[in-house]
Amino acid sequence: MIRFYTALLALAACIFLSAAAAAPFAYASDEGSATVSVIDTATDQVVRIIKTGAKPRGIAVSADGKRVFVSEQAGGAVVAYDTASGKEAGRVAVGASPEAIYLAPDGKRLSVAVEEDDVVALVDTEALKVVARIKIRGKNPEHAVWSPDGKWLYASAENTDAVDMIDVAKGEVVASVTVGDRPRGIGFLADGSRAYAAAENANLVNVIDTAKREVVARIPASLRSNGVAVDPGGKRVYVSSGGKGTVQFIDTATNAIVKEIEVGKRPWNMALTPDGRKLYVACGRSDAVAVVDTAKAEKIGEIPVGKLPWGVAIR
């Protein structure tokens, strides 16, 4: 009997260690098929399909990986799904046409760009309750991205040419910076000193000095620059170009594009693995997520998912 329990404990320890060492999962919101495709980043295979409400767009994963949050545009809600069972775990109404959502650095809140209300909603991730609605200056917000310290939200809105800077403690916009027509994706360096904002119609990536609250460089990008992802080490910024089907690599030391690779049709939003080695790109018109080896600067895979993938989150 002692041997049996010893073996059982050893097996349990092995299972625990295997789970702890497992590669993270990438979650792709498939707007056209009302699904979330769950990808094992170790094998780059879809291992689960989660059925959602109509037009899932924004996507984020809880800090413990147990819940995936999806903004369901048609229903005006953010919905939580259990990542193990795929079942709905709760929902909260946020307003008309929610777009991108982002998890705060402390994991306690989500930011939600509510397009038709021109607000950024903050949602308590445990209670699934709206705790703030912050009016922005721009029209039709699409992204509201947290600074690494969680003190700021930078919001981009389609029908404007500026990024609004929200002081989270004050719950209001305190500054705006002009970046070009139709701002889209935003990303921060890990130390928070710089933010990178794409302007889709201007075909630009703007480098923002966050302390000075001003653009210090404007980097010409390819057609319809959109999604932005920042390397954890701070050496590279990646931007997708929906009109050209590429991802560009920006050297943060020189603010120059040093590489451009083809990834698929209408690449949109993107996410990096925590180690920064792989970039997952939602390619809407390809019905696929492209996988990029960032060290080699090569596309190494294309994963079929649902229809019109819009966003990717990794945990």
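Reply: E260 and K244 form a salt bridge, with their closest N and O atoms 3.4 Å apart; the term denotes a side-chain nitrogen of Lys or Arg within 4 Å of a carboxyl oxygen of Asp or Glu. This pair links distant parts of the chain, 16 residues apart: E260 belongs to strand β23 (residues 256-262), and K244 to the loop between β21 (236-241) and β22 (246-251). Strands (E, at least two residues) are DSSP runs, numbered from the N terminus. E260 is partly exposed at 32% relative accessibility, and K244 is likewise partly exposed at 47%. Here buried means under 20% relative accessible area, exposed over 50%, and partly exposed in between (1.4 Å probe, protein chains only).

The model is predicted, so local features need pLDDT of at least 70 and side-chain atom pairs count only at pLDDT 80 or more, whereas totals for chains, interfaces and linings use all residues. Residues are numbered from 1 along each chain as its sequence is written, and side-chain values use heavy atoms, leaving out hydrogens and water.

A further salt bridge joins R133 to D117, at 3.1 Å from N to O. R133 lies in strand β11 (residues 129-135) and D117 in the loop between β9 (109-114) and β10 (119-124), so this contact ties together parts 16 residues apart in sequence. R133 is partly exposed at 44%, as is D117 at 23%.

R277 and D275 also pair, at 3.9 Å from N to O; R277 is exposed, at 60%, while D275 is partly exposed, at 48%. Elsewhere, E142, E158, R184, E200 and R224 are linked in a network of salt bridges. The structure holds 16 salt bridges.

Conventions
Helices (H or I, at least four residues) and strands (E, at least two) are DSSP runs, numbered from the N terminus.
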